[in-house]
Amino acid sequence: MKYVYFFGAGKADGTGEMKDLLGGKGAGLAEMTRIGLPVPAGFTITTEACDYFFKHARKNPKELKGQVLSALSRLEKLTKKKLGDAKDPLLVSVRSGSARSMPGMMETILNLGLNDKSVEGIARATQNDRFAYDAYRRFVQMYSTVVIGLPKEELEDRLRALKKYLNVTDDTQVTAQGWRELVGEYKAHFKQKTGRDFPEDPEEQLWGAIGAVFESWMGDKAVTYRRVEKITGLLGTAVNVVQMVFGNTGDNSGTGVCFTRDPSSGEKVFFGDYLINAQGEDVVAGIRTPMHLNQMAKLMPKVYSQLEKVRSKLEKHYRDMQDMEFTVENGKLYMLQTRTGKRSPGAAFRMAVDMKNEGLITLEEALERVKGEDVERLFYPVLDPSLSRTEISSRRVVTGINAVPGAAVGKVVFTAEEAEEWSGRGEHVILVRRETSPEDVGGMFVAQGILTATGGKTSHAAVVARGWGKCCIVGAEKLDINAEQKRMSANGRVVNEGEWITLDGGDGSVYSGQIELVRPEPPKAFYTLMKWADQVRKIGVRANADTPHDAKVAREMGAEGIGLCRTEHMFFKDFEHPEKSGERQRAIQEMILAETTDARRRALDKLLPFQRRDFTGLFQEMDGLPVVIRLLDPPLHEFLPKDPAKQEELAKELGITREVILKRMEQLKEANPMLGLRGCRLAIIYPEILEMQVRAIIEAAIDCQKRGIKVIPEIMHPLTLDKREMKILEEATRRVADAIIAQEKVKLHYFVGTMIELPRAALLADEIAEVAEFFSFGTNDLTQTTMGLSRDDAGRFLPEYVDERKAGIFHADPFQSIDVPGVGMLVDWGIKRGRATRPKLEVGICGEHGGEADSVKFCHRVGMDYVSATPFCVPIARLAAAQAVIEEKKQSKKK
Ligand code: PEP
Ligand code: MG
């Protein structure tokens with residue numbers, strides 16, 4: 001088995017393709033060597049060796065020793081230097097490097113090969129004692145801490161003591177003699193702690209360093225990083241043993257990091273930093289302020305122009321922006337690393353579009369360069385990236401589930417009413433609740449952000465907030481909320497009502513105080529790329545929007561209609577005339593409390609004008625595009641107040657007693673409301689609700705049509721499970737609609753269809769399609785009912801199901817990314833069966849999955865006509881839909 005890959009003098013055993021085996025760094029070094037760039041020679045020990053090491057109780061494979069020694073002797077021949085030599089010794093760096101970049105998470109040892117003899121050799125060869133002993137003390141310190149695991153602090157203390165003794169403040173002021181003494185002290189310390197001498201034998205040093213790099217793969221830092229970044233399926237780290245080159249031999253030397261384009265703006269400018277007379281670590285550690293590359297160009301024009309050539313060669317070669325590290329040793333350039341550079345979301349768009357326009361990549365490649373997360377992050381305000389991370393993390397109060405990204409700053413309030421009241425006074429608030437319910441929407445709407453102690457990514461708070469693109473953190477279980485005393489606490493920190501907090505929906509962190517936010521502007525390239533996506537994609541993209549305002553945003557985001565209007569949200573908030581919200585709430589509560597059909601009808605009559613106005617607004621915004629309106633869905637008890645004072649108030653207004661309200665609430669109480677009297681079951685039991693809603697829709701449509709607006713109403717019944725049920729609903733809908741149309745003497749085409757949210761409905765889709773003119777898969781409920789997982793509670797344990805180090809049962813949260821094998825099978829079946837009956841059946845999806853890239857690709861594959869996503873996710877869906885087409889093409893080519 002080959003465990004060691006050599007590179008040097010223009011030849012390399014490995015290639016840039018071999019990232020999995022050689023790690024990103026090893027593959028990059030091999031490739032750069034092959035294409036003739038100046039790279040110091042060395043060799044890479046494969047990730048397979050690391051894998052073996054951990055699978056065999058930390059023993060190396062037998063062949064490794066021989067292979068490393070022969071690569072080492074090849075390196076010695078090539079460099080004409082020997083490790084540990086007393087005259088002009090070879091020194092090497094030993095660096096980690098896995099297939100996926102894990103910056104700073106694993107270990108590195110520099111200057112390996114130094115001992116009491118070879119340090120003199122270096123001093124002579126460079127004619128620089130100070131440099132030689134500085135390198136030596138760095139090596140002894142790194143070896144002691146990284147390989148042996150001695151605490152860094154103890155060694156740092158000795159350095160501090162030395163500087164104090166020499167009466168200097170800066171490392172650069174320490175003399176050769178000073179460093180020599182420090183080396184002596186470090187070694188004595190080493191002996192005292194380990195009971196043995198510091199290893200002088202370079203070969204022993206090398207094996208120690210290789211073992212330490214392997215070991216760092218399983219270090220806490222690295223393991224945590226992989227978990228957070230969802231990096232799975234890698235074998236381990238490779239180890240790169242490379243000839244040392246020194247950027248710290250004087251003013252004709254230095255080290256730098258550069259990007260082939262600006263990683264923040266995406267602009268095609270050479271971007272980077274250079275530090276004179278320094279080693280790579282100094283740039284990363286930010287001890288001294290580096291200079292910009294254009295300054296370097298003036299100081300070292302020759303080296304700079306060589307670097308420019310490398311830049312263009314590497315970018316052309318990899319056909320993507322590269323992030324490179326280099327060192328200049330006595331005026332000679334060495335490339336130490338190249339990799340695909342990380343970039344801001346805005347830069348990702350700009351680079352994709354520019355590279356396509358430059359002819360560097362194809363249109364398809366440009367579309368694949370941008371991820372769903374890039375689109376998402378483009379629109380949300382974020383914590384000002386120039387602020388110190390450590391300062392920010394010292395303010396963390398608690399962490400929850402990052403339901404909607406972005407960031408928000410505001411004063412804490414604990415009820416929706418207070419949120420409205422405070423914001424009415426012009427305050428910015430964050431609404432903190434144990435959980436939210438429809439009666440909170442008013443407060444949620446005015447809040448800058450929402451924080452709940454319970455719930456998962458499809459809980460009420462998350463779904464509603466996502467629709468508005470509003471920062472939301474849910475399931476912060478450690479948060480103890482005491483709404484009565486108006487305070488919350490977690491991890492020993494208390495936050496009172498009115499105090500500022502900052503939410504970072506990107507990672508679910510809650511911080512005390514106000515942290516500066518910035519809102520990114522979408523770059524021009526965003527619109528270009530989206531246009532390209534629209535040319536390529538086949539599936540339509542609509543939006544979930546409940547109000548004319550949402551509908552407007554949706555159109556701006558490129559939605560081609562409304563795929564879901566959840567009418568219940570309109571019962572709580574009058575978005576146009578907030579002062580009228582109370583009237584609406586009263587009417588719906590009166591309707592629920594009504595004891596007779598007549599009383600119920602009277603209450604519904606009051607709601608009719610409100611609903612009609614809402615629908616008129618939607619049709620106007622969507623002129624010429626379809627609007628799917630879903631009839632009432634949630635269980636009725638959600639509309640009644642839980643707070644005794646509010647119950648009292650309601651009773652007074654309606655001229656009844658609080659007891660009547662309590663009795664009605666008792667009647668409505670259900671053990672499993674999600675499986676109870678909700679969805680179309682409400683319309684079956686109380687047909688007058690359906691009648692009012694259909695009337696509002698049809699009257700609004702006729703009114704718009706008369707004013708020259710093109711309306712395409714699609715009336716949708718939620719949670720159906722049977723053809724007979726659907727038939728009753730359809731007949732009732734048409735009876736009301738057709739009567740109004742006849743009376744108005746107009747022509748109006750409208751559609752009647754259903755959501756598919758229950759397994760039974762999917763299984764019997766052929767029968768339901770005899771009645772329904774369209775299907776829309778409500779995959780929030782369909783996931784809940786297929787998997788038997790409560791969408792509001794599963795957030796508590798689902799993370800364990802998804803975490804690879806824990807149960808690792810699913811690769812993603814099924815409420816976020818559709819469960820293709822299970823729920824997906826029902827969707828696929830439902831579409832096929834439905835179209836077997838009605839070949840032109842229009843099929844869409846309106847669960848949260850409609851805005852998630854992988855799920856959109858699934859929807860494309862099963863032949864849906866459209867996906868519907870919250871307005872801010874519409875661009876994600878447009879892009880993913882185009883990527884689905886490209887992936888499909890690639891697949892069919894492979895076959
Ligand atoms: C669904 O269940 O997927 C759906 C869109 O409806 P809701 O989230 O309102 O239950
Ligand atoms: Mg539903």
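Mentor: A residue is near a molecule or strand if one of its heavy atoms lies within 4 Å of it. The model is predicted, so local features need pLDDT of at least 70 and side-chain atom pairs count only at pLDDT 80 or more, while totals for chains, interfaces and linings use all residues. Residues are numbered from 1 along each chain as its sequence is written, chains are lettered from A and ligands numbered from 1 in the order written, and side-chain values use heavy atoms, without hydrogens and water.

Trainee: Which of the 14 residues around ligand 1 come nearest?

Mentor: The shell around ligand 1 has three nonpolar, four polar and seven charged residues. Of these 14 residues, the ones that come nearest are Arg 566, Glu 757, Gly 778, Asn 780 and Arg 791.

Trainee: How far is a backbone N or O atom of Asn 780 from an oxygen atom of ligand 1?

Mentor: Polar contacts here are pairs of N or O atoms within 3.5 Å. An oxygen atom of ligand 1 is 3.3 Å from a polar backbone atom of Gly 778, and one is 3.0 Å from such an atom of Thr 779. For Asn 780, the distance is 2.7 Å.

Trainee: Which helix gives the most to the shell around ligand 1?

Mentor: Helices are DSSP runs (H or I, at least four residues), as are strands (E, at least two), numbered from the N terminus. Strand 26 (562-566) and helix 31 (779-787) each supply at least two residues of this shell. The most, three residues, comes from helix 31.

Trainee: At roughly what angle do the axes of helix 4 and helix 5 cross?

Mentor: Helix 4 (residues 118-126) passes helix 5 (residues 129-147) in a right-handed crossing. Their axes, lines fitted to C-alpha atoms over the stretch in contact, with angles running from 0 to 180 degrees between N-to-C directions, come within 8 Å and cross at roughly 145°.

Conventions: Polar contact = N/O pair within 3.5 Å; in protein donor to acceptor, adjacent residues only side chain to side chain. Nonpolar A, V, L, I, M, F, W, Y, C, P; charged D, E, K, R; others polar. Left-handed = near helix turned anticlockwise from the far one by under 90°.
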